[in-house]
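Trainee: I would like to learn how to read aromatic pairs and a sheet.
Mentor: Then look at the model first.

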Amino acid sequence: MTWTAIVPLKAAAARKTRLTGALESGAQAALAVDMAAHVVATLKQVDAIGQVRVLSPTCEDMPGTAWEPDRGQGLNAELDRVCRAMAGQRMLIVHADLPLVQAGDVAALIAAAEIAGAAIAPDRHGKGTNALAMREAAPVGFAFGPDSFARHRQRMPDAATVWRDGLAIDIDTAEDIAAAGGALPLGRW
């Protein structure tokens with residue numbers, strides 16, 4: 001069976017606002033687009049993934065993806081809605097701000113979810129959730145936001161935890177850019 005990947009992407013004006021002061025607004029927007037394109041391209045390299053959907057308020061120009069309209073109910077409610085529609089199907093959620101993610105990272109997440117039923121990839125601090133896979137999609141009361149890793153572990157106690165740099169390093173702050181170092185595959189950052 002194949003997996004469907006969901007990539008949440010905020011409206012253009014709301015992307016990477018925590019980088020204000022670290023990058024000019026044009027650079028913030030360009031970085032967000034570059035990272036999202038990198039994540040989508042990486043997901044399309046994973047044999048187990050049959051479809052990539054971009055969850056966004058507007059249809060994004062990302063070839064090879066399907067648009068999943070974000071109806072403005074907030075990320076967690078939107079993901080629960082998508083889960084209800086995909087009940088019982090293989091689904092993973094991968095955030096669009098993972099500049100170092102590689103196909104092997106995603107394959108490891110999927111493999112862990114195939115065994116445990118679900119798998120969670122925390123951020124590098126062990127606080128947030130950067131990716132989550134479920135062998136059988138079901139609304140679990142998603143808790144993306146501050147301290148989401150602990151809340152997702154409470155909601156899915158049997159889920160495997162997948163620690164991989166490509167899934168752990170997300171870009172929200174200037175410190176995150178520094179953590180990614182010169183390894184950012186996106187050029188000018």
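Mentor: What follows goes through the aromatic pairs and then the sheet. The model is predicted, so local features need pLDDT of at least 70 and side-chain atom pairs count only at pLDDT 80 or more, while totals for chains, interfaces and linings use all residues. Residues are numbered from 1 along each chain as its sequence is written, and side-chain values use heavy atoms, with hydrogens and water left out.

Trainee: How many aromatic pairs are there?
Mentor: A pair of aromatic rings is described by the distance of the centres and the angle of the planes. Rings of Phe, Tyr and Trp (its six-membered ring) pair if their centres lie within 6.5 Å; planes under 30 degrees apart count as stacked, over 60 as edge-to-face and the rest as tilted. By this rule there are two aromatic pairs. F142 and F144 are stacked, at 6.0 Å centre to centre and 25° between the planes.

Trainee: And the other pair?
Mentor: F149 and W163 are edge-to-face, with 6.2 Å between centres and 70° between the planes. F149 lies in helix α4 (residues 148-155) and W163 in the loop between β7 (160-161) and α5 (165-168), so this pair ties together parts 14 residues apart in sequence. Helices (H or I, at least four residues) and strands (E, at least two) are DSSP runs, numbered from the N terminus.

Trainee: In what order do the seven strands stand in the sheet?
Mentor: Strands of a sheet pair through backbone hydrogen bonds, either parallel or antiparallel. Two strands pair if DSSP finds at least two bridges between them. Here the order is β3-β2-β1-β4-β6-β5-β7, in an open sheet with mixed pairing.
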